[in-house]
Structures are given as structure tokens and as C-alpha cells.
Amino acid sequence: MKSGPDIAMVAALVGDPARANMLTALLSGRALTASELAQEAGITPQTASSHLAKLEAGGMIEPEKQGRHRYYRLADPDVGGVLEGLAALAARAGHMRVRTGPKEPALRRARICYDHLAGDLGVQMLDSMRAQRLVRQRKQDIELTAEGTRFLAEKLQIWPEMLAHPRRPVCKACLDWSERRHHLAGTLGAALMQRFADLKWAARDATPGSRVVNFSRQGEKQFSALFGNDGT
């Protein structure tokens with residue numbers, strides 16, 4: 001018998017279309033109810049309950065009870081990273097959903113990937129950070145530089161102690177499904193997205209399950225000043 005992680009079990013969990021739709025909805029980072037997830041998957045609440053039980057047993061999601069309601073969220077950022085990576089692989093192989101809608105351009109421009117910025121603006125931000133030598137990247141390994149630490153403190157009031165986490169790296173490359181290049185994940189990616197929200201530069205779409213991030217006009221201007229296409 002082969003030893004090591006059983007990727008076939010994880011693949012089987014993600015491979016079911018209904019479960020895949022549920023997990024994709026949870027990439028918004030929000031906790032959703034079973035009814036909301038059933039609607040996302042296009043299945044009955046009873047069928048959704050069975051799928052949710054399998055995803056929970058497989059360590060892909062975790063429940064959270066609040067009052068009479070039971071919510072579900074992704075188990076951890078690694079699950080979000082895997083899902084976004086699978087979406088990038090599917091896009092590269094030409095396995096795209098037929099259904100499109102008016103929010104598709106907005107989804108490609110800026111969206112949430114669990115708790116960090118993805119899409120065109122997410123990739124642009126990482127490109128700019130490399131150009132400004134705020135981070136160093138070699139393949140999928142990203143490291144925050146001393147210049148980057150100063151930049152974050154001076155420009156965005158993000159301090160090193162805010163990035164410490166016992167199980168999560170400060171910087172992590174996450175493959176973007178629409179751009180098919182990396183955006184920034186890890187505690188730094190999450191801290192940057194939270195700071196954009198705190199400054200009211202950007203806000204996540206309020207629609208349940210939506211991953212769209214909307215930047216205000218002022219927010220786009222400030223974001224471009226820090227992470228413009230020219231890297232200045």
C-alpha cells in the first residue's frame with residue numbers, strides 16, 4: 001500500500017459538480033448557510049446537507065453555529081489556495097463554464113480569494129511589489145524584503161507583528177485562475193486586503209457568495225499610486 005497523503009480522496013470531494021460549486025462560493029471568504037450553498041449548487045437542501053457532511057468529514061469546510069443558524073466556511077486558507085489553483089488549471093485547459101454574466105468582467109478585475117486580493121489588480125499588485133523590490137520571488141517562494149517592511153509601515157500602517165501566524169506564511173504565491181499568473185496570499189495578502197477595506201478603498205460585493213471586490217474611484221487612485229502598472 002502506498003503511504004503519504006491521499007490526494008484521490010480530496011480530488012473526489014472536489015470533483016463532484018455540486019460540491020465544487022459550493023466550495024467555489026465559499027472562496028468569497030464569507031460563511032454561508034446550507035440553504036445559500038444549495039442555491040449556489042442548484043440542488044435541494046436535503047442533497048446539500050449530504051454534500052456538506054462529506055466536505056466537513058473530509059476537512060474541506062468547517063461549521064459555525066450562531067443562534068439558530070448553522071454556517072459553513074472553508075477550513076483554512078490552504079483550501080482556498082488549492083481551489084484557486086484548480087480553477088487556473090481548468091482555465092488553462094479550456095474547461096470554462098458556459099454561463100457568463102455582467103459581473104464576469106468585474107470578477108476578473110478584482111475578486112476575493114478566501115481573504116486576499118485576486119484578479120487583474122491582485123496580479124498587478126504583486127508585479128509592482130516585485131518591481132519595487134518590496135518582495136523577492138523565486139518560482140513560488142516569496143519573501144518580504146527590508147524595504148518592503150518599511151514600505152508597509154510607512155504607507156499602510158501594516159507592522160511586522162500583524163503578519164505573524166503560527167501556521168501560515170507571511171507571503172505565499174497563489175495561482176490566479178483568470179490571469180494565470182501569481183497573486184499574493186499569506187498573512188500579508190490578507191493584511192493588505194483588510195487594510196484596503198478599512199481605508200474604504202475597496203469593498204466586497206454584498207451579494208451572498210459573490211467574490212467581486214469593488215474599488216471606489218478614490219480607492220483605485222490610491223491603489224494605483226502604490227501599486228501602479230509601472231511599479232512606481
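The structure is a predicted model. The protein comprises 10 helices and 11 strands. Its radius of gyration is 18 Å, which agrees with the value near 17 Å that a compact globule of 232 residues would have.

**Overall dimensions and packing**

- Along the principal axes, the C-alpha atoms of the protein occupy a box of roughly 50 × 45 × 40 Å.
- Of the 232 residues in the protein, 41% are buried.
- Among the contacts in the protein with a separation of 6 or more, 60% are accounted for by residues 24 or more positions apart.

**Surface and charge**

- The protein has an accessible surface of about 12900 Å², and carbon and sulfur atoms contribute 53% of that area.
- The protein carries 33 positive and 25 negative charges.
- A distance of 2 Å separates the mean position of the positive charges from that of the negative charges.

- His 183 is part of strand β9, which spans residues 182–185.
- The relative accessibility of His 183 is 0%, so this residue counts as buried, the cut-off being under 20%.
- The side chain of His 183 forms a polar contact of 3.2 Å with the side chain of His 116.

Definitions and conventions. Residues are numbered from 1 along each chain as its sequence is written. This is a predicted model: local features need pLDDT of at least 70, side-chain atom pairs count only at pLDDT 80 or more; totals for chains, interfaces and linings use all residues. Side-chain values use heavy atoms; hydrogens and water are left out. Helices (H or I, at least four residues) and strands (E, at least two) are DSSP runs, numbered from the N terminus. The radius of gyration is taken over C-alpha atoms; the globule rule is 2.2 Å times the number of residues to the power 0.38. Buried means under 20% relative accessible area, exposed over 50%, partly exposed in between (1.4 Å probe, protein chains only). Contact means heavy atoms within 4.5 Å. Accessible areas come from the Shrake-Rupley method with a 1.4 Å probe; for residues, only the protein chains shown count as cover. Lys and Arg count as positive and Asp and Glu as negative; His and the chain ends are not counted. The place of a charge is taken as NZ of Lys, CZ of Arg, CG of Asp or CD of Glu. A polar contact is a pair of N or O atoms within 3.5 Å; within protein, one must be able to donate a hydrogen and the other to accept it, and residues adjacent in sequence count only if both atoms are side-chain atoms.
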